[in-house]
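Here is a walk through one protein model, written for someone opening it for the first time. Keep the sequence and the 3D view side by side as you read.

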Amino acid sequence: MKRSLIVVCLATLLVPGEVSAQDSEEDAAAMQAGMEALQLALNQMNEGRYLESLETVNAIDPLPPALARIAAQWVGNVRAFVGDYDGAIEAYNSYRSQEADEVPEDVLSESFVVRDAIEVIREAAHDRRVVMINEAHNVPRHRAFTTLLMKALAEDGFTAFAAEGFHPETDFRVRTNGYPQHGDSSYIQDPFFAGMVREAVRLGMELVWYEQQPEQTCLPDCTHRERAAERERVQAENLANFLEQNPNARVLVHVGYGHHVESRPYGYTYMGGHFSDITGIDPLTVSQTLGTPRVNPDRRLLLQYLD
């Protein structure tokens, strides 16, 4: 199942061009070899063989342009898993824009006061049923901060922890085994992610899944872009279903990048926007990815103005 999804998603990135029949055959062969290598790397990572997984992806030669982005993301994530944090950011640099980040003028004109972030979030969340916080998948310190925040919110009455990549069996498997294992979540291979899960269980919080499941996808009868938009809606529906079935639950939701966004940039609706529409709940949304060295380790964005 996983392999078929990878193949379909990658195939939608291909754009026909003016190439000869021989070139087309060579390109198709390179794509097939590349996807097989990525599948092997996935298997190796799921077995805890992180360095072998890195070597497998780095050895893809030639690397088809259509696979460059996913390969860079893969390398960045796995480098973070093994503690190579600068290398993880460097991998993401290879496909992200190197344009200098700009700080909005209206932000620079504001007068800032330095306060403890967790205390500020606790105050803002005192009457909220849902708090959503994000991460960059290649920056484990975002997971470390969520772990600290989780403890504070649990003291304030939050009862559940939902995370991108959890599946319907995650809560049962973790509690049955007593600790997280490979296969319990998409990102469980990262020690910091596993630490979040351990802390949630220690605090007595329920592990909640909301990730789109294979039976909920429109693939292969839709494009990758359509599937991505559908995923945002289905994630929101799954999370809304949990809250409807558990009317007293208060949930900390840990997402990747902009999935928690409630606004509709360029007319696109993310999970956060769908969730608000479906439930009428206004979640407290917190961003960790803005103002951090997600792309360039030497870039400090707002931090340089808070000295």
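## Two helices side by side

Let's start with helix α3 (residues 50–58) and helix α4 (residues 65–81), which pack at an angle of about 155 degrees with their axes 10 Å apart. That makes α3 roughly antiparallel to α4, a label used for angles over 145 degrees, while under 35 is roughly parallel, 65 to 115 roughly perpendicular and the rest oblique. The axes are lines fitted to C-alpha atoms, for helices over the stretch in contact, and the angles run from 0 to 180 degrees between N-to-C directions. Helices here are DSSP runs of H or I with at least four residues, strands are runs of E with at least two, and both are numbered from the N terminus. In general, the angle between the axes and the distance between the axes are what describe two packed helices.

The crossing of α3 past α4 is left-handed; that is, the near helix is turned anticlockwise from the far one by less than a right angle, whereas clockwise would be right-handed. On the α3 side, the contact (heavy atoms within 4.5 Å) is made by Y50, S53, L54, V57 and N58, and on the α4 side by A71, W74, V75, V78, R79 and F81. Sorted by class, the contact of α3 with α4 has eight nonpolar, two polar and one charged residues. Ala, Val, Leu, Ile, Met, Phe, Trp, Tyr, Cys and Pro count as nonpolar, Asp, Glu, Lys and Arg as charged, and the others, Gly among them, as polar.

## About the model

This is a predicted model, in which local features need pLDDT of at least 70 and side-chain atom pairs count only at pLDDT 80 or more, while totals for chains, interfaces and linings use all residues. Residues are numbered from 1 along each chain as its sequence is written, and side-chain values use heavy atoms, with hydrogens and water left out.

The protein chain has twelve helices and five strands. Take the contacts between residues at least 6 apart in sequence: 72% of them join residues at least 24 apart.

## The sheet

Now look for the five strands, which form an open sheet in the order β3-β2-β4-β1-β5, with parallel pairing. Two strands count as paired if DSSP finds at least two bridges between them. β3 (206–208) and β5 (284–286) stand at the edges with a single partner strand each, so one side of each is left without a neighbour in the sheet. On average, neighbouring strands are turned by 20 degrees against each other, direction ignored. Helix α12 (residues 271–279) packs on this sheet and touches β1 (130–135) and β4 (251–256); its direction makes about 170 degrees with that of β1.

In β4, F161 stands opposite L252. Both faces of β2 are covered: A160 and A162 on one side are buried, and so are F161 and A163 on the other. As a rule, side chains in a regular strand alternate between the two faces of the sheet.

Back in helix α12, find H274. H274 is buried, with a relative accessible area of 19%. Apart from its neighbours within four places in sequence, H274 is in contact with E232, R233, A236 and T269.

The loops have some things to spot, too. A cis peptide bond joins D61 and P62, with omega about 0 degrees, and P62 sits in the loop between α3 and α4. Another cis peptide bond joins L219 and P220, with omega about 5 degrees; P220 lies in the loop between β3 and α11 (224–245). In the loop between β4 and α12 you'll find Y257, whose phi is near 50 degrees, a positive value in a residue other than glycine. Y266 is in the loop between β4 and α12, with a positive phi near 60 degrees, and counts as exposed at 88% relative accessibility.

Methods
Buried means under 20% relative accessible area, exposed over 50%, partly exposed in between (1.4 Å probe, protein chains only).
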